[in-house]
Amino acid sequence: MPVTYIISDLHLSYSKPELTSAFENFSNHLPCGSRLIIAGDFFDFFIGICKKDPLTQRIKLCLHNLHKHKVAVDFLCGNRDFLVNKRDAAFFEMKLLPECCVLETPQGKALLIHGDLLCTNDKSFVKFRKIAHNTLARLTFRALPYRLRLYIGQKIRQTSYEQDASRTLSPSYYGAVSEEAARLLTAYDCKILIHGHFHIFEKKYDEYFKGSVRLGLGAWGETLSFVKIDDKNVFLCEKPLVSKRS
């Protein structure tokens, strides 16, 4: 079994070039033959591919170098890059995963999700998610001119930034719903839950039922976090952000 690394919530954008540099540095240290899973919100907001965009080309080159070094890259959509489809993934030399992905580990089966599936108390987000995953709505949005898609994406992102304070003050409403997490683990016959989305780095035992383990990935910022799965164990790791500009 190849060593697997899981990352989430990098939110790559022009506004924070240090994160792109950190991802490049992280990628350069992945061993040949390993597997990298990007579990959503890799992009700050994905509106489609513009091949002339310098950031897009920089990310594509980094992922191409991983491909050359026989590192398999899989992608699981988040709530900021839910528009990524199979063609987009292929452009970046990635394979698209389903929103609920079961992984075999030495500690038992693990369910990997982005994390937004657990926000069932947040009715406005549930409504947005339903619209965002509607096939007709997605096709309509992607048919718009790129500049208009960019404008809409920026407006949605700004609204989200403005709501961050509310999410912090009302975790019971905006946070993960334990009953939904337990339901998903039971449905997929898993005891380990790996997710991002909430930007909180933490490891919890017996939270949903005896023997359950939750591994929460933090957002990349002052630190970076990842899950490493080898032939012996499952590790949740956090390190200072190391940035090397190309």
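Two strands count as paired if DSSP finds at least two bridges between them. In this predicted model, β10 and β11 meet that condition, pairing in the antiparallel sense over seven bridges, and serine 225 stands opposite glutamate 238 in β11.

Both strands belong to an open sheet of six strands with mixed pairing, whose order is β4-β3-β2-β1-β10-β11. Because β4 and β11 stand at the edges and each has a single partner strand, one side of each is left without a neighbour in the sheet.

The largest nonpolar core holds 36 residues, and those touching the most other members are Ile7, Phe23, Leu36, Phe42, Leu63 and Trp220.

The largest share of the core, five residues, comes from α2. Leaving aside residues up to four places away in sequence, phenylalanine 42 touches Leu10, His11, Leu12, Phe23, Ile59, Leu63, Phe75 and Asp81.

Helix α8 spans residues 178–187, and its buried residues include Glu180, Ala181, Ala182, Leu184 and Leu185. The cover over the buried residues of α8 includes β6 (108–112) and β7 (192–195), while aspartate 189, just after this helix, takes a positive phi of about 55 degrees.

Note on methods
Residues numbered from 1 in each chain as written. Predicted model: local features only at pLDDT ≥ 70, side-chain atom pairs only at ≥ 80, totals over all residues. Heavy atoms only, no water. Core = buried A, V, L, I, M, F, W, Y, C linked by side-chain atoms within 4.5 Å. Buried < 20%, exposed > 50% of the residue type's maximum accessible area, 1.4 Å probe, protein only. Helix = DSSP H or I, 4+ residues; strand = E, 2+ residues; numbered from the N terminus. Contact = heavy atoms within 4.5 Å.
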